[in-house]
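Student: I would like to learn how to read helix packing and chain contacts in a model like this one. Can we go through some cases together?

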Amino acid sequence: MLLPITNASIVARRAEIVAALKEIVPDGVVADPSGLATFDSDALSAYHQMPLVCVLPSNRQQVSDILKYAEGQGVPIVPRGAGTSLSGGALPREDGILIGMGRMKRIIEIDYENGCVVVEPGVTNMNITKAVEANGFYYAPDPSSQIACTIGGNVAENSGGLHCLKYGLTTNNLLGVTMVLPGGEIVTLGGKSGAQGGLDLLGVITGSEGLLGVVVEVVVKILRKAPVTRTLMASFDTVPAAGACVAAIIADGVVPAAMEFMDRRAAEAIEDFNQPGYPKGAEAILIIDADGVQADVAYAVSRVIAIVAQCGGKTVEATDEKQRARIWSGRKAAFAAMGRLAPDMICMDGTIPRHALPQVLEEMAKLSEHYGLGFCNVFHAGDGNLHPLIIFDTMKDGEFERAEAFGADILRLCVKVGGVLSGEHGIGVEKRDLMIDMFTTAELEQQGRVKCAFDAQGLFNPGKVFPTLSACVEQGHIHVHGAQLPHPHLPRY
Amino acid sequence: MSRVANEDQVVDFVHAARAGKTPFEIVAGGTRRAVGRPLLDSKGADLPMLDVSGLSGIVKYEPAELIVTAQPATPLAEIKAVLAQKNQRLGFDPADWSMLLGSNGVATLAGAASCDASGSGKLRHGGARDSLLGFRAVNGLGESFRGGAKVVKNVTGFDLPKLMCGAFGTLGVLTELTFRVYPQPQFATTLCLSDVTPEDGFAHLRKIALSALEPAGLAYLPGNMLAESGQGAALIKLEGARQPLEEKIALAHGLLGNALRRIEDDPFAAIGSGEQFADIPGDIWRVMIARADAPRLAKELNVRHWLGDWAGAVLWMAADPSEAPRIRAIAAKANGQAMLLRGSAASRASLGLFAPQPHALAALNRSVKAAFDPLSLFNPGRL
Ligand SMILES: Cc1cc2nc3c(=O)[nH]c(=O)nc-3n(C[C@H](O)[C@H](O)[C@H](O)COP(=O)(O)OP(=O)(O)OC[C@H]3O[C@@H](n4cnc5c(N)ncnc54)[C@H](O)[C@@H]3O)c2cc1C
């Protein structure tokens, strides 16, 4: 992937910029190389870039002052939460200020009567649930990175999770945000009432990958935990049978809380890794959660068991909470488990119409042969969101390039069958150049004008999401080799 | 008035309007024309109309994908009937305002989405913006473009479908919409707790909202809005297959006590569409607030005809036009939004649909509008 040209005149003014930022945030400027090195990449670890400087504001006024200064000086801004983006959304720029939101991590208000929580952007996804779970509540979107990723990052990526089949993505669970616009103006969109009194700008901010401003406060809905949750595992002799079963369950009118698919290779790797007790010998496995009141769940479970049987599969149910947790911990460790099969991997994130599943699985197998690279499939089957994991070894000549080409072909395939490039990880730098495979020039220009409506100078996260048609300079790929994945302690998606 | 029959004709029409710098009004079924500022040219005459009612019909319905794609002027009634045959319903609960607004037109899909017209079911599945997955439209440059996609999960580029919902037709001429659909629950029941004060009634509704019962409607109606005497009633709509529904009803009794009784008819269609106010004179407002503020604000607003839906997050009310500044001020103080849904042309012209936004936000709204429609051709001033 090509990265944009660095503006050398900004880099030349570095000392002056660092000094100005220290005026604004005296205790929160990182400028020394070893300090900056911690910020030089996100979870798309193939790409590294030291930022010009990193600033860690602790309140919205500081954010506003930084953005005002940056606009006056024409310096690019890259917002960053916890740096768990899988698409390079938080990748720094050599000529840009990285603005890290991690210090703004106060839970401002828990308001049960209105069913919402008001937080600063640096609060982790998990800490929102932790703050309310003693009272039987939780925040529904549950990315597997939830112990680390921030709510600000979730808003910027419109993150999903295992349970968004029933409960929606970030965008469906947000009531409001306060954000600082490029130039420093502060606006509030929505709030506890959810009403905006104008265009739904909250909707367009969500999933905008740090291109439109810096989110400084978030109001999210919280939900009462379902009284009953039951977990089923269904195993199949063939992959198409499992695919057909997913479609049949959805068509039947059952809305499981989660429905996850994994193929044999993934299941075996996971079984070796943490022994969740997955059925042996199956070509494909589905893990299905049903939640709600007891009778609702009983009804859903009985329908799922019947449909699985019709599709030629076998079902087993988790007998207790411990087993439920084990089954899910296996699923969440898919990435780490696959990591043991090869030194490197990349995780793709396309969404397809569910009926195209068998065709896409077959064509992916052909691509795998063509590129001579292994892969496995784990995905959010209920909503057609694929996460093929491509395994390779950078030390072998050309494998990284082949892996990227394989991944790009998978995403093109998703688009070809009527799907999209990204279901929940965002475009970032990773899929930027594929946008032309999905959108016409007029469509990209329309989105570009929306960007300009917020950021006339184009200073916010430049080089992300939209293909830069101007000349670009190639930066070397420095890839973390071996088991040194960023955030190794996290379960993957 | 120009009628179009396909997207190409929309493109041609927009090009002509651009060339002549003539703004126009977009009309599908025409039921919501009386919402927002009246659309007039500088001499006070009606704007020319682009009639898109010919763009009607379901393009593709894929029950197993939980997706339906339809042309913009497809009648809500038609789409509901087609989905019902497969035991499904739209992902949002579109409200038909035609009775309230005294229109004999046909409520359409694009009209409901553009005006963010969500009925009582918003509580459960969100508004139009939560279920519009993708669209095709023609922008103010006369270009046809797509936003979103036809899959249920997508973060590829900006989420333009959200912007189109609630834009009141000011960003583009929609030519196709793809919605998420959901299974239709087999049964629904409304429970009623009679003769309760607004304080108690809303407190009961919040208790249900905070439970795991996934209610499909939670409204409070004062006594004068009901066919019965007493202070008022809290209404709770629950849905599900037979047994789960019975369980939910039992749980609701457990939460609120045994005074809860089942009522035969479903009152929520009339509540969510504003039908309750059709015959009441005056301006009709929808005041959107944090739900726990409902009893306090209802008291402060102090009007004769009102009700609270969405567990209190929206107060519907009728008021004399002279009350407008007071209503807007109360809403603003509570960080809410008072939307003038029905009013005389004069009220609508002077008040607008919503109160003016703070300076920076208003400027941002204007730039986003200009990003789609730089010459301000589409429904100028309506929002
Ligand atoms: C192990 C692992 C598992 C994952 N599982 C999932 C999953 O299940 N589902 C899923 O959807 N994603 C998943 N992800 C991806 C990632 O965790 C999410 O995209 C997450 O929302 C990123 O949050 P962050 O705080 O780390 O943001 P960062 O990575 O720091 O930033 C992400 C983007 O948000 C912008 N941004 C951050 N904060 C702000 C702010 N305050 N204002 C404006 N812009 C901001 C950045 O500029 C960048 O473009 C996973 C990642 C990992 C490493």
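**Helix pairs and the chain contact**

Tutor: Start with a pair inside one chain: α14(A) and α15(A) are roughly antiparallel to each other. Keep in mind that the model is predicted.

Student: At what angle do the axes of α14 and α15 of chain A cross?

Tutor: In general, a packed pair of helices is described by two quantities, the angle between the axes and the distance between them. Here helix α14 spans residues 357-371 of chain A and helix α15 spans residues 399-416 of chain A. Their axes cross at roughly 160° and come within 10 Å. An angle over 145 degrees counts as roughly antiparallel, so that is the label for α14(A) and α15(A).

Student: Is the crossing of α14(A) and α15(A) left-handed or right-handed?

Tutor: The crossing of α14(A) past α15(A) is right-handed. On the α14(A) side the contact residues are Val360(A), Glu363(A), Met364(A), Leu367(A), Ser368(A) and Tyr371(A). From α15(A), they meet residues including Phe406(A), Asp409(A), Ile410(A) and Leu413(A). Sorted by class, this contact of α14(A) with α15(A) has 8 nonpolar, 1 polar and 4 charged residues.

Student: How is α17 of chain A packed against α14 of chain B?

Tutor: Helix α17 (residues 441-454) of chain A and helix α14 (residues 359-372) of chain B have axes that come within 8 Å and cross at roughly 160°. The pair α17(A) and α14(B) is therefore roughly antiparallel, and the crossing is right-handed. α17(A) contributes Gln446(A), Arg449(A), Val450(A), Ala453(A) and Phe454(A), while α14(B) contributes Leu364(B), Ser367(B), Val368(B), Ala371(B) and Phe372(B). By class, the contact of α17(A) with α14(B) divides into 7 nonpolar, 2 polar and 1 charged.

Student: Which handedness does the crossing of α11(A) and α9(B) have?

Tutor: α11(A) passes α9(B) in a left-handed crossing. Gln294(A), Ala295(A) and Asp296(A) of α11(A) make the contact with Gln243(B), Pro244(B), Glu247(B) and Lys248(B) of α9(B). The classes for α11(A) with α9(B) are 2 nonpolar, 2 polar and 3 charged.

Student: How many residues does each of chain B and chain A give to the contact, and what area is buried?

Tutor: An interface is often sized by the accessible area lost when the parts come together. Chain B gives 63 residues and chain A gives 84 residues. The buried area is about 6000 Å², with 59% from carbon and sulfur atoms. Lys153(B), Val155(B) and Phe158(B) supply 15% of the area that chain B buries against chain A, more than any other three residues.

Student: How many salt bridges are there between chain B and chain A?

Tutor: There are 9 salt bridges between chain B and chain A. Glu214(B) and Lys166(A) form a salt bridge at 3.2 Å, N to O. Over all chains, the whole structure has 49 salt bridges. Within chain A, Glu283(A) pairs with Arg264(A), with the closest N and O atoms 2.7 Å apart. Arg264(A) lies in helix α10 of chain A and Glu283(A) in the loop between α10 and β15 of chain A, so the pair ties together parts 19 residues apart in sequence.

How values were computed
Residues numbered from 1 in each chain as written. Chains lettered and ligands numbered in written order. Predicted model: local features only at pLDDT ≥ 70, side-chain atom pairs only at ≥ 80, totals over all residues. Heavy atoms only, no water. Axes fitted to C-alpha atoms, helices over the stretch in contact; angles between N-to-C directions. Helix = DSSP H or I, 4+ residues; strand = E, 2+ residues; numbered from the N terminus. Parallel < 35°, antiparallel > 145°, perpendicular 65-115°, else oblique. Left-handed = near helix turned anticlockwise from the far one by under 90°. Contact = heavy atoms within 4.5 Å. Nonpolar A, V, L, I, M, F, W, Y, C, P; charged D, E, K, R; others polar. Buried area = accessible area lost by both parts, 1.4 Å probe. Salt bridge = Lys/Arg side-chain N within 4 Å of Asp/Glu carboxyl O.
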